[in-house]
Amino acid sequence: MTTQILIAGFGGQGILFAGKFLANKGLLEGRQLSWLPSYGPEMRGGTANCSVVLSDQPIGSPIVTKPDVLIAMNLPSLDKYESAVVPGGVIFVDSALIERKVRRNDVKAYYIPATKLAQQNGIPTLANMIMLGKVMRECDFVSYEGIEDAVRTVVSAKHADLFDVNLRAINIGREIE
Amino acid sequence: MANKVLMKGNEAIAEAAIRVGCRHYFGYPITPQTELAAYMAKRMPKIGGTFLQAESEIAAINMVYGVAGTGRRVMTSSSSPGVSLKQEGISYIAGSDLPCLIVNVQRGGPGLGGIQPSQSDYFQATKGGGHGDYHLIVLAPSSVQEMADMTSLAFDLADKYLMPAMLLADGTVGQMMEPVVLPEERPVEFTEKEWAVTGTKTARPHHIVNSLYLVPEELEKKNFARYERYAEVEKNEVRYESFMMEDAEYCVVAFGIAARVSKNAVAAARAEGVKVGLIRPITLWPFPKKALAEAADKVKGFLSVELSMGQMIEDVKLAIECRRPVELCRRAGGMIPSPDEVLEGIKKLQGGRA
């Protein structure tokens with residue numbers, strides 16, 4: 001099975017970090033994977049996006065043009081990538097920042113007020129991880145088991161104090177019905 | 001199994017270079033290869049190596065020339081506009097028969113161009129971007145694993161054939177992360193080379209590293225000798241990957257990131273019953289001419305997929321002596337063809353021959 005994931009939002013929302021988490025989780029599970037960031041001027045405040053491919057086979061293109069899973073963290077990202085999602089795919093929307101609904105009816109959509117939840121829980125920079133918690137609840141392309149190891153890998157030794165809050169953010173997302 | 005780590009392509013080059021004994025790096029920052037220089041800046045001082053951010057690309061390549069003359073492993077890296085600036089130095093290094101590694105993480109051009117990925121320095125890399133009769137060994141990695149493996153290979157080939165080697169990567173392969181098994185750490189051993197400039201201690205005649213030969217007979221002799229070595233490289237060091245070519249009626253030719261995208265298109269075409277395969281040149285010089293000529297005996301047509309206006313396509317046509325049609329699927333200026341665009345190219349090729 002191959003899963004193509006596109007995470008998109010503003011620079012500073014932890015888009016690339018969320019992708020790194022999934023990539024590291026995939027690595028720990030012994031999967032094939034690729035992680036590709038958008039790079040360049042858009043990193044400084046504009047849109048940022050990140051392609052992650054997880055597979056059991058060698059990966060061809062690392063550029064996700066037709067995502068199975070889209071995580072949209074702002075309106076421009078949903079506007080830009082909604083039509084690219086494969087029929088039967090899944091779209092996760094940060095409904096605290098995106099007021100409109102997904103317009104397609106051949107995809108599954110989940111609305112998570114992640115940015116609001118992050119603020120309410122005193123972890124305002126971790127809306128990205130709340131989104132991932134919900135993604136892991138609804139999708140099975142990575143397993144929840146061994147989540148601590150993946151968080152530990154991606155939170156560098158320098159910022160070990162952030163281990164607990166990242167884990168908490170994931171669990172907040174995971175508990176959303 | 002050896003330990004897999006998650007790294008960016010640019011970082012994998014840097015770490016691999018250190019592990020195979022490179023202790024001297026000279027460069028000047030430019031997107032999208034900056035992570036390579038940053039990695040070297042962090043690591044080299046800790047292991048007794050040299051990291052030097054030169055005042056310009058021209059200075060950096062001439063520092064490489066200097067260290068190469070002492071017989072030590074040395075490298076520089078840049079992206080397209082920066083590599084243009086290095087061409088004079090590269091020609092001098094080739095003319096002095098010295099080994100070194102040059103990394104080009106390509107971006108869109110010409111001119112200052114853009115910062116998104118490109119393959120439009122193919123001509124510059126494979127045909128000699130500087131002046132005079134010379135070649136570089138040109139390797140085209142298409143994954144983070146190959147960024148590491150080919151760094152090691154490039155140093156070995158450069159040492160073996162006494163010529164500069166180039167890694168011709170692009171912004172995508174440089175910026176992406178994939179699991180990679182890094183090469184084993186080799187001890188940095190230094191054996192005195194019979195040509196290296198290391199000080200005579202008045203115990204031996206001078207070794208002279210030079211590319212100036214004012215007597216034409218002498219310069220011609222040098223060039224002929226160099227081309228005898230190049231012939232050995234062409235005979236021994238051609239590398240390519242053949243993908244689904246066994247029963248193929250059409251052949252896609254692509255390297256680096258274009259080959260990755262093309263693999264998706266080949267799989268999609270196969271799912272629709274189109275018998276198509278892919279030949280991926282791994283060495284761009286020497287070019288896998290024989291593999292393509294043999295493919296031309298079996299397939300009806302070729303599709304060259306490139307992140308340029310069409311450069312490698314000329315070598316494809318030469319390799320098959322124009323015996324089959326060769327079509328082009330291209331994007332330029334930092335754009336990358338999608339698998340759908342490549343698939344469309346394959347179908348056009350098929351239609352044209354029906």
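This tour moves through a predicted model, from the interface of chain A and chain B to a sheet in chain B.

**The interface**

Begin by selecting the residues of each chain that touch the other: 19 residues of chain A are in contact with 23 residues of chain B. Between the two chains an area of about 1,600 Å² is buried, and carbon and sulfur atoms contribute 68% of that area. Next, display Leu27(A), Trp35(A) and Tyr39(A); together these residues account for 37% of the area that chain A buries against chain B, more than any other three residues.

**Polar and charged pairs**

Select Lys66(A) and Asp340(B), which form a salt bridge whose closest N and O atoms lie 3.0 Å apart. Six residue pairs between chain A and chain B are in polar contact.

**The side of chain A that touches chain B**

Now colour α1 (15-28) and β2 (32-37) of chain A, each of which supplies at least two residues of the side facing chain B. The largest share, five residues, belongs to β2(A). By residue class, this side of chain A comprises 11 nonpolar, six polar and two charged residues.

**The sheet of chain B**

Turn to chain B, where seven strands form an open sheet of mixed pairing, in the order β3-β2-β4-β5-β7-β6-β12. From one strand to the next, the twist averages 20°.

Finally, select residues 24-27 and 74-78 of chain B: these are strands β2 and β4, which run parallel and are joined by two bridges. Within this pair of strands, Tyr25(B) has Met75(B) of β4(B) as its bridge partner.

Technical notes. Residues are numbered from 1 along each chain as its sequence is written. Chains are lettered from A and ligands numbered from 1 in the order in which they are written. This is a predicted model: local features need pLDDT of at least 70, side-chain atom pairs count only at pLDDT 80 or more; totals for chains, interfaces and linings use all residues. Side-chain values use heavy atoms; hydrogens and water are left out. Contact means heavy atoms within 4.5 Å. Buried area is the accessible area (1.4 Å probe) that two parts lose on being put together, summed over both. A salt bridge is a side-chain nitrogen of Lys or Arg within 4 Å of a carboxyl oxygen of Asp or Glu. A polar contact is a pair of N or O atoms within 3.5 Å; within protein, one must be able to donate a hydrogen and the other to accept it, and residues adjacent in sequence count only if both atoms are side-chain atoms. Helices (H or I, at least four residues) and strands (E, at least two) are DSSP runs, numbered from the N terminus. Ala, Val, Leu, Ile, Met, Phe, Trp, Tyr, Cys and Pro count as nonpolar, Asp, Glu, Lys and Arg as charged, and the others, Gly among them, as polar. Two strands pair if DSSP finds at least two bridges between them. Axes are lines fitted to C-alpha atoms, for helices over the stretch in contact, and angles run from 0 to 180 degrees between N-to-C directions.
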